[in-house]
Amino acid sequence: MILRRDRTKTRYAIRELRIMTRDVLIRLSGLQATEGDEGVVEVITAGDYFWKNNKHYLIYDEVMEGLDGAIRNTMKLTPEKLEIKKSGPVSANMVFELDKKTQTHYVTPMGELLVEMTTSRIGFEEENDHLKVEVEYALDINYDHVSDCRIVLDITSKDCAKLDLGNAQ
């Protein structure tokens, strides 16, 4: 157990210590549903995990075909909010917060897009050596609705990870 002082109040909160190694495996699944069509993308990559100021942090690099250099992704996760900062050849600051519409400028080498996300659901499961986050949102680009999306982040300490590529969903 760990004892943490709540800075906004004069009481103390006891919270179970969440044990996650710095080296993690991240399974990132994305679903985009447009009229009658669904596209699924899944990526498995290594990353770094940190717990700081009562928030989970993930850092990992993403390589995209046709781009020079890797895109650095920094994620800040809480049960109420997911923030993704992309830097490198692609840059954006994306915020997913329940029942809120947020906006970012998604900058790529091919040009800049105005991206809006309206988050309808955030699922958050924490266990020792495992964290799972699910976000459902509507995606608008340049004020036009493009698709309804779902992101699933499944983070596991590398020491405990069981990788089964045959049953990827």
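Reply:

Let's start with Thr-108, which has a relative accessibility of 18% and so counts as buried, since the cut-off is under 20%. Keep in mind as we go that this is a predicted model. Thr-108 sits in strand E9, which covers residues 101-108. A polar atom of the Thr-108 side chain lies 2.9 Å from the backbone oxygen of Gly-111. Leaving out residues up to four places away in sequence, Thr-108 touches Pro-89 and Val-90.

Now hop over to Asn-73, in strand E6 (residues 71-77). Is Asn-73 buried or exposed? Asn-73 has a relative accessible area of 0%, so it is buried. What does its side chain do in there? The side chain of Asn-73 makes a polar contact of 3.0 Å with the side chain of Glu-62, and another polar contact, at 2.9 Å, with the side chain of Lys-86. Setting aside residues up to four places away in sequence, Asn-73 touches several residues, among them Leu-58, Tyr-60 and Ile-84.

Ile-84 counts as buried because its relative accessibility is 8%, and the limit is under 20%. Apart from neighbours within four places in sequence, Ile-84 is in contact with residues including Asn-73, Thr-74 and Met-75, as well as Ala-92 and Phe-96. One more thing to look for on screen: Ile-84 and Tyr-57 are 27 residues apart along the chain, and their C-alpha atoms are separated by 9.9 Å.

Methods: Residues numbered from 1 in each chain as written. Predicted model: local features only at pLDDT ≥ 70, side-chain atom pairs only at ≥ 80, totals over all residues. Heavy atoms only, no water. Helix = DSSP H or I, 4+ residues; strand = E, 2+ residues; numbered from the N terminus. Buried < 20%, exposed > 50% of the residue type's maximum accessible area, 1.4 Å probe, protein only. Polar contact = N/O pair within 3.5 Å; in protein donor to acceptor, adjacent residues only side chain to side chain. Contact = heavy atoms within 4.5 Å.
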